[in-house]
Amino acid sequence: MIIGVLGGGQLARMLALAGYPLGLQFVVLDPTADACASPVAEHTCGSFDDQSLLEWLADRVDLVTYEFENVPAETVRILAERVPVYPPPAALVASQDRLREKTLFRELGIPVPPFVAVESLAALEYATVEIGLPAVLKTRTLGYDGKGQARLLRQEDLAPAWESLGSTNAIVEAYVPYDRELSIIAARGRDGQIVHYPLTENTHREGILRLSVARPGDPLQLLAEDYVSRLLNALDYVGVVALELFQVGNQLLANEFAPRVHNSGHWTIEGAETSQFENHLRAVCGLPLGDTKTLGYSAMLNLIGEVPDMIAVLEQPGAHLHLYGKESRRGRKLGHITVRAGGESALKQALEVLRPQAEGELSNLQEV
């Protein structure tokens, strides 16, 4: 079977690596000449809005998936007329607009922070009176890794924030004084079967994920499973999804969802019986879903901006290094380290050794 992937970044690369043992082949469409999936997949360099290229891709593959949610909806619509596309186009459309996404959560009974749609500076000023400050202003579309948003601490912040985001349609959300940032990764097959991975606790800096730690047995696991299952069933979803959550006391508030394999699930490569990448492929291909049970205690450290000394990483028991073949650049995800240990204390000790390696570019930055 040949899988078409829209986007040729590290997620497409890891999908291909997970798919080869299953006998799958991959064709990635990406406008970047040096897409990091190209060493492990057939890379077609071209625009997502090139209709003739999309028709060629549909004829070349058995089905299409995507590795990021900013693929043009029209691209997916064109392909879906000719070849199966998973996750379904409706999921992609819902995830691309924060207002549509938050409204869907509300309709499904999934709690969210208070929010208001704003289309002007005057509307923003009125909304912050209703919601209060502090708050967060977010563009409705094209936000990723902290982009497209600004914190509002006082009334004087409103006009500069509105201008900084391009004076475009947005939403303003109440700031949530959360206890933890969490995500739950789940997969749904073509037959409706759903499997869940353990909750993952996430740490961000500069809007970018830095550390994810799997939390098997977390007391909020069943609640998170309920919320993500509602989302999967409502969208008749096929594939892996990530639902990002804020924990406030014993409550979970939905932040956003990603209709794809997710950075916070990278620990599953070595830390789960079946990785999120393999389960995504199993789902979209109509194969039985794999067991999601954990293998010990696991975590993932992102490598941002620079690659650490390989020997220092691999000397640490339980550490596995994944490099994406990208050139170094500040703020760029160049790879990740997964760590697996037999107990929580051993995992903590390993992270204390490895975290300085992973955060080299942050060593001179103040904690945020």
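Pro134 sits in the loop between helix H6 (121-131) and S6. Helices (H or I, at least four residues) and strands (E, at least two) are DSSP runs, numbered from the N terminus. A cis peptide bond joins Leu133 to Pro134, with omega about 5°. This is a predicted model: local features need pLDDT of at least 70, side-chain atom pairs count only at pLDDT 80 or more, and totals for chains, interfaces and linings use all residues. Residues are numbered from 1 along each chain as its sequence is written, and side-chain values use heavy atoms, with hydrogens and water left out.

**Overall build**

- The protein has 12 helices and 17 strands.
- For 368 residues, a compact globule would have a radius of gyration near 21 Å; the protein has 20 Å, which agrees. The radius is taken over C-alpha atoms, and the globule rule is 2.2 Å times the number of residues to the power 0.38.
- Along the principal axes, the C-alpha atoms fill a box of roughly 55 × 50 × 40 Å.
- Of the 368 residues, 55% count as buried. Buried means under 20% relative accessible area, exposed over 50%, and partly exposed in between (1.4 Å probe, protein chains only).
- Take the contacts between residues at least 6 apart in sequence: 62% of them join residues at least 24 apart. A contact means heavy atoms within 4.5 Å.

**Antiparallel sheet S5-S8-S6-S7**

- Four strands form an open sheet in the order S5-S8-S6-S7, with antiparallel pairing. Two strands pair if DSSP finds at least two bridges between them.
- Strand S5 (115-118) and S7 are the edge strands, and each pairs on one side only.
- Neighbouring strands here are turned by 20° against each other on average, direction ignored. Axes are lines fitted to C-alpha atoms, for helices over the stretch in contact, and angles run from 0 to 180 degrees between N-to-C directions.
- S5 and S8 run antiparallel, joined by 4 bridges. Val118 has Ala170 in S8 as its bridge partner.
- Helix H5 (residues 98-107) packs on the sheet and touches S5, S6, S7 and S8; its direction makes about 150° with that of S5.
- H6 also packs on the sheet, touching S5, S6, S7 and S8; its direction makes about 170° with that of S5.

**Strand S6 within that sheet**

- S6 (residues 135-139) is mostly covered, with 5 of its 5 residues buried.
- Ala135, Leu137 and Thr139 point one way from S6, Val136 and Lys138 the other way, and all are buried.
- S6 runs antiparallel to strand S7 (residues 149-152), with 4 bridges between them. Val136 has Arg151 as its bridge partner in S7.
- S6 also runs antiparallel to strand S8 (residues 170-174), through 5 bridges. Here Leu137 has Val172 in S8 as its bridge partner.

**Parallel sheet S3-S2-S1-S4**

- Another open sheet of 4 strands has the order S3-S2-S1-S4, with parallel pairing.
- Its edge strands are S3 (42-45) and S4 (63-66), each pairing on one side only.
- Neighbouring strands of this sheet are turned by 25° against each other on average, direction ignored.
- Strand S1 (residues 2-6) pairs with S4 in the parallel sense over 4 bridges. Ile3 has Leu63 in S4 as its bridge partner.
- Helix H2 (residues 51-60) lies across S1, strand S2 (25-30) and S3, and runs at about 170° to S2.

**Helix crossing H1-H10**

- The axes of helix H1 (residues 10-19) and helix H10 (residues 276-284) come within 8 Å and cross at roughly 75°.
- H1 and H10 are therefore roughly perpendicular to each other. Angles under 35 degrees count as roughly parallel, over 145 as roughly antiparallel, 65 to 115 as roughly perpendicular and the rest as oblique.
- H1 contributes Leu11, Met14, Leu15, Ala18 and Gly19 to the contact, and H10 contributes Phe277, Glu278, His280 and Leu281.
- These residues divide into 6 nonpolar, 2 polar and 1 charged. Ala, Val, Leu, Ile, Met, Phe, Trp, Tyr, Cys and Pro count as nonpolar, Asp, Glu, Lys and Arg as charged, and the others, Gly among them, as polar.

**Backbone exceptions**

- Most residues other than glycine have a negative phi, and most peptide bonds are trans.
- The peptide bond from Tyr86 to Pro87 is cis, with omega near -5°. Pro87 is in the loop between helix H3 (73-80) and helix H4 (89-96).
- Glu206 is not a glycine, yet has a positive phi of about 55°. Glu206 lies in the loop between strand S11 (200-205) and strand S12 (208-214), and counts as partly exposed at 43% relative accessibility.
- Asp236, also not a glycine, has a positive phi of about 50°. Asp236 lies in the loop between helix H8 (221-234) and strand S13 (239-248).
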